[in-house]
Amino acid sequence: NDVSVGHTPADIDQLSKWTQERLTGWLQQKVATGKWFVTPTGADGLHINFETRCDYSCIFCDAISLPPEPPRSQIGELIAGLDASTHRINGRNVVISCNEPFLDPALFRLLEHLKNRGAAGIQIVTTGLALIDRKVVVRLAQIPNISIDLPLYGATARTHDAVTGRRGAFKLVTTGIKNLIDAKIPFSIHTVALRQNVDVLDRLADLARERFNAMLYVRHLIPVSDDIRLYRELQPQYKKIRELNSPNIIFIEFPPCTIPDRHVERSPLKNDQPFTKKVRIKACRPCPHKKACDGIYKIYVTTFKEP
């Protein structure tokens, strides 16, 4: 069984429907606004995020695949905004993310603009489904210093497709990764630790190494609401994270005390939503890791009482 104990594909499907029902109205308003954001990340980084629809309906994410038709392209406004802003592009590493960048048909116009403005590197965070098209990959290979970051949520189609809400996604994404390898485009693979996949993350890390010669970046779940019922259905307790032992895993944004024998990387991006607030608890006072830690999600402490 490639889905964690107590979570069948039917359970995940029901959870996905419940999540979408809760977030649909808010998401429709969010997509309709057509917002884009440009955020400096340190001295040499720039993060570009613009709202599109998505080709996944992940059970943990607020970026559900709505509306069914793509909104108007924001690339023209985004480029104009970049040109009018004080954000330096030359010599900077630029990360592009949104619900799914490749669903905007003008994406390559933005990539060419960043190339011409002297970006040192460009990384696209994508579901990876567009990479099944070799023509897309060939065009990407023409952009200097391009790289791709994409997710795998399970070591088999059963888990990955259940988490993403997209049947056939696992086969498409793994074929897309092979296309990247053939085109010699650098890539990284990430996942999100969930109750629904935590039991197979060691196996997924082995798959990433053996099939694609890649590390697996395991990210902490970011709360998408303050609903404890939803959070409890998705968030694994830290004791399950501590059981992961693959040397091919790199942990992202976990409190260091939860996996004290492993290195934890920090994300340069911060989320300031009220339900992503972090706190320190009594156990944090003597903790030797507290200087390298910004606390534990408050909703985790409320839900599980302790790390």
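Helices here are DSSP runs of H or I with at least four residues, numbered from the N terminus. The model is predicted.

Start at helix 5, residues 157-164. Just after this helix, Gly165 takes a positive phi of about 70°. Helix 5 itself is mostly covered, with 6 of its 8 residues buried. The buried residues are Thr159, His160, Asp161, Ala162, Val163 and Thr164.

Move on to helix 6, which spans residues 169-182. Asn179 lies in this helix. Its relative accessible area is 5%, so Asn179 is buried. What does Asn179 touch, leaving aside its neighbours within four places in sequence? Asn179 is in contact with Leu131, Ile132, Arg134 and Val137.

Helix 6 also packs against another helix. Its axis and that of helix 7 (residues 201-212) come within 12 Å. The two axes cross at roughly 40°. Helix 6 is therefore oblique to helix 7. The crossing is right-handed. From helix 6, the residues in contact are Phe170, Thr174, Ile177, Lys178 and Ile181. They meet Leu207, Arg211 and Phe212 of helix 7. By class, the residues of this contact comprise 5 nonpolar, 1 polar and 2 charged.

Now turn to the aromatic rings. A ring pair is described by the distance between the centres and the angle between the planes. The count for this model is 6 aromatic pairs. One of them joins Tyr238 and Tyr300, with 4.1 Å centre to centre and 20° between the planes. This pair is stacked. Tyr238 belongs to helix 9 (residues 238-242) and Tyr300 to helix 10 (residues 298-304), so the pair ties together parts that are 62 residues apart in sequence. Are these two tyrosines buried or exposed? Tyr238 has 0% relative accessibility and counts as buried. Tyr300 has 1% and also counts as buried.

Why are Tyr300 and Phe304 separated by about one helical turn? Because they are 4 residues apart in helix 10. Phe304, at 12% relative accessibility, counts as buried because the cut-off is under 20%.

These pairs belong to a wider set. Ring pairs link Tyr231, Tyr238, Phe251, Phe254, Tyr300 and Phe304 into a cluster.

How values were computed. Residues numbered from 1 in each chain as written. Predicted model: local features only at pLDDT ≥ 70, side-chain atom pairs only at ≥ 80, totals over all residues. Heavy atoms only, no water. Helix = DSSP H or I, 4+ residues; strand = E, 2+ residues; numbered from the N terminus. Buried < 20%, exposed > 50% of the residue type's maximum accessible area, 1.4 Å probe, protein only. Contact = heavy atoms within 4.5 Å. Axes fitted to C-alpha atoms, helices over the stretch in contact; angles between N-to-C directions. Parallel < 35°, antiparallel > 145°, perpendicular 65-115°, else oblique. Left-handed = near helix turned anticlockwise from the far one by under 90°. Nonpolar A, V, L, I, M, F, W, Y, C, P; charged D, E, K, R; others polar. Phe/Tyr/Trp six-rings, centres within 6.5 Å; stacked < 30°, edge-to-face > 60°.
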